[in-house]
Amino acid sequence: MTMQYPRESLASEPQALTPDYKSTILRSPKRPLIGLDPTISELSGPVYGQESVLPTDSDLTRQHSGEPLGERIIVSGRVMDEDGRPLPNTLLEIWQANAAGRYVHVRDQHPAPLDPNFSGAGRCLTDDAGRYTFTTVKPGAYPWKNHHNAWRPAHIHFSLFGPSFLTRVITQMYFPGDPLFPFDPIFNSVSDEKARQRMISTFDFDTTESEWALGYRFDIVLRGRAATPFEDSE
């Protein structure tokens, strides 16, 4: 990423080289990085507007004719700057595995069933108070071949856009109490424990809907000492 944050924001970011996370050995830089000035198109476009995001895009359980399998959940929160000020009109995109722990992707071939009524992707814009809401199903854990008996904790990927591609950040949201946390090199690539906790959602009884879905809250802070850890911040 080329976004520039204060140094205290970067202290919680995962290192490009995290040896326990095997693929970082191949893709981490071997030489000092070279800074490049952003182009005009990177700074000015594309600009995302409400005309391109439909209200139905944020409900992953209503994108097909049938009901997806799994536990319905409602994920909501706020997007804020380091001073707690809301960031409206931020484009959020999510993608995730289905309830069985499988992605709709050609490279995901592990023997868990695909769900014809769940594609695993959605998007929305934050409102004037920086709030967002997604309705989805809780993703399952899945094997990923990084090491012997390697399993990823249940998680949802978040991508956030400002006014252009240059202002994109990516993070992962986890669920409280997951027993796989101690064994996951990706989660533990964030060395600061307080920062890791900021990637874990909290159960939210206020947004839980009776006889329908449990609620989870996940606030995202873009910079400062309380920043949410993001991938590839350099």
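In this predicted model, Thr 135 is in contact with Ser 58, Asp 59, Leu 60, Thr 61, Ile 73, Ile 74 and Trp 212, leaving aside its neighbours within four places in sequence. Thr 135 belongs to strand β4, which covers residues 131-137. The relative accessible area of Thr 135 is 14%, and because buried means under 20%, Thr 135 counts as buried.

Strand β4 also holds Tyr 132. Not counting residues up to four places away in sequence, Tyr 132 touches Val 75, Ser 76, Gly 77, Arg 78, Val 79, Leu 92, Cys 124, Thr 126, Phe 158 and Phe 218. Tyr 132 is buried, with 2% relative accessibility.

The rings around Tyr 132 can be taken next. Tyr 132, Phe 134, Phe 158 and Phe 218 make up one aromatic cluster. Across the whole structure, a search finds 12 aromatic pairs. One of them joins Tyr 132 and Phe 134 in a tilted arrangement, with 5.9 Å centre to centre and 50° between the planes. Tyr 132 also pairs with Phe 158, this time edge-to-face, at 5.8 Å centre to centre and 70° between the planes. Tyr 132 lies in β4 and Phe 158 in β7, so this pair ties together parts that are 26 residues apart in sequence. Phe 134 is buried at 0% relative accessibility, and Phe 158 is likewise buried at 0%.

In soluble globular proteins, nonpolar side chains tend to be buried together. Here the largest nonpolar core has 23 residues, and those touching the most other members are Leu 92, Tyr 132, Phe 134, Ile 156, Phe 158, Leu 160 and Ile 220. Two or more residues of this core come from each of β1 (72-80), β2 (91-95), β4, β7 (155-161) and β8 (168-174). Another core, of 14 residues, lies apart from it and includes Tyr 142, Trp 144, Tyr 174 and Ile 186.

An open sheet of 4 strands runs in the order β3-β2-β7-β8, with antiparallel pairing. Its edge strands are β3 (121-125) and β8, each of which pairs on one side only. From one strand to the next, the twist averages 20°. Strands β2 and β3 run antiparallel and are joined by 5 bridges; Ile 94 stands opposite Gly 122 in β3.

An unreviewed UniProt entry lists residues 75-103 for "domain: Intradiol ring-cleavage dioxygenases". In the model, this span is 0% helix and 38% strand, and its end C-alpha atoms lie 19 Å apart.

Conventions:
Residues are numbered from 1 along each chain as its sequence is written. This is a predicted model: local features need pLDDT of at least 70, side-chain atom pairs count only at pLDDT 80 or more; totals for chains, interfaces and linings use all residues. Side-chain values use heavy atoms; hydrogens and water are left out. Buried means under 20% relative accessible area, exposed over 50%, partly exposed in between (1.4 Å probe, protein chains only). Contact means heavy atoms within 4.5 Å. A nonpolar core is a set of buried Ala, Val, Leu, Ile, Met, Phe, Trp, Tyr and Cys residues joined through side-chain atoms within 4.5 Å. UniProt positions are given in the numbering used here, feature names are shortened, and annotations may be inferred rather than shown by experiment. Two strands pair if DSSP finds at least two bridges between them. Axes are lines fitted to C-alpha atoms, for helices over the stretch in contact, and angles run from 0 to 180 degrees between N-to-C directions. Rings of Phe, Tyr and Trp (its six-membered ring) pair if their centres lie within 6.5 Å; planes under 30 degrees apart count as stacked, over 60 as edge-to-face and the rest as tilted.
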